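Me: I'm new to this one. Could you walk me through it with a few questions and answers?

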Amino acid sequence: MNFLKTSSTVIHYRAVGLETGKPVIAFANSLGTDFRIWDDVIARLGDRFAFVLHDKRGHGLSDVGSAPYSIFDHVDDMAAVLDHLNLKNVIVCGLSVGGLIAQGLYVRRPDLVKALVLSDTAHKIGSDEMWNTRIKAIQANGIGSLLEPIMERWFTPPFRSPDNAVYAGCCNMLVRQTADGYCGTCAAIRDADFTADAARIAVPTLCVVGDQDGSTPPALVRALADLIPGSEFVEIENAGHIPCVEQPDAYVAALLPFLERYA
Ligand SMILES: O=C(O)CC1=CCC(=O)O1
């Protein structure tokens, strides 16, 4: 297990294959998940790439720290992990709030970013009212009280079958996050807006989205791609908000040509 003490928190991270000299992909996670959501992607790409994963503050085994957070708290944590590993110029793949973190990393530390995969994310996600309502509900009744609507956005109906053990595991992962960490990150998402910055992204960028994503639907991710000069856009069939878990083969197939081109 690897933990990094930063100036403000403790971050759980994992580095895979850095000693091989293969091109590095650094992942940033979505709300309510830990870095195990990338297991199937790493298994499929491990012969060509090395990886850095981390649990953002308030999630997984990382400290909760002082919530609520700003998106740049999460950005600084990710930068601290990459600096600790002496990495620069990596491919950054961020999912949902992880995509906001990836955009923020490019704004604050462009030296760390060679290319961006912005997955199921946007320049601005949701409204103040939406996030404040969610924060209030979770502070009053816990994350479990919103399990069903969250899962309806994360995964398509066939994946949400009672027979699907992976689905059951994802439900466990969500409800086991701390309410403070989850709500702290909701506040960070609420306050983040990279609309103006998106037009200034000057590294190769791929925007990708599940065709049934209920949180950042294809039209929103397409709008993000339209803001970023020269970016590419791909839709994954039969997938919700977390296609790296629901459709790992299709997800990797969508990313691979881009990753190989810019590795
Ligand atoms: O809507 C959800 O719960 C999913 C989500 C929104 C931002 C994020 O990171 O995940």
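Predicted model: local features only at pLDDT ≥ 70, side-chain atom pairs only at ≥ 80, totals over all residues.

Me: Which residues does UniProt list for "domain: AB hydrolase-1", and how far apart are the end C-alpha atoms?
Reply: The name comes from an unreviewed UniProt entry, which lists residues 36-254. UniProt positions are given in the numbering used here, feature names are shortened, and annotations may be inferred rather than shown by experiment. The span is 47% helix and 13% strand. Helices (H or I, at least four residues) and strands (E, at least two) are DSSP runs, numbered from the N terminus. The end C-alpha atoms of residues 36-254 are separated by 20 Å.

Me: Is strand 4 buried or exposed?
Reply: Let's settle the words: buried means under 20% relative accessible area, exposed over 50%, and partly exposed in between (1.4 Å probe, protein chains only). On one side of strand 4 sit A50, V52 and H54, on the other F51 and L53, and all are buried. With five of its five residues covered that way, strand 4 (residues 50-54) is largely enclosed by the rest of the structure, so the word is buried.

Me: Which residue stands opposite H54 in strand 4?
Reply: Strand 2 (residues 10-16) pairs with strand 4 in the antiparallel sense, over four bridges; two strands pair if DSSP finds at least two bridges between them. Across from H54 you'll find Y13.

Me: What about strand 3: which helix does the chain pass through on the way to strand 4?
Reply: Strand 3 (residues 24-28) runs parallel to strand 4, with three bridges joining them, and V24 stands opposite A50. The β-α-β crossover from strand 3 to strand 4 is right-handed, and its path goes through helix 1. Right-handed here means that, with the strands pointing away from the viewer, the path from the first strand over the helix to the second runs clockwise.

Me: Which residues point each way from strand 7?
Reply: In a regular strand the side chains alternate between the two faces of the sheet. Strand 7 (residues 205-210) is mostly covered, with six of its six residues buried. One way point T205, C207 and V209; the other way point L206, V208 and G210.

Me: Which residue of strand 8 stands opposite L206?
Reply: Strand 7 has parallel partners: four bridges join it to strand 6 (residues 113-119), and five bridges to strand 8 (residues 232-236). On the strand 8 side, the residue opposite L206 is E232.

Me: How many salt bridges does the structure hold, and what N to O distance do D34 and R36 have?
Reply: A salt bridge is a side-chain nitrogen of Lys or Arg within 4 Å of a carboxyl oxygen of Asp or Glu, and the structure holds 12. D34 is buried at 4% relative accessibility, whereas R36 is exposed at 55%. Their side chains meet with an N to O distance of 2.6 Å.

Me: How many residues apart in sequence are the parts that D249 and R44 tie together?
Reply: The side chains of D249 and R44 form a salt bridge (2.6 Å, N to O). D249 belongs to helix 11 (residues 248-262) and R44 to helix 1 (residues 39-45), so the pair links parts whose separation in sequence is 205 residues.

Me: Which residues do salt bridges with shared partners join into one network?
Reply: Take D111 and K88, whose side chains meet in a salt bridge (2.9 Å, N to O). D111 is in the loop between helix 3 (97-108) and strand 6, and K88 in the loop between helix 2 (71-84) and strand 5 (90-95), so they tie together parts 23 residues apart in sequence. The one network is made of D83, K88, R109 and D111.

Me: Is F3 buried or partly exposed?
Reply: F3 has its place in strand 1 (residues 2-5). Its relative accessible area is 38%, so F3 is partly exposed.

Conventions: Residues numbered from 1 in each chain as written. Heavy atoms only, no water.
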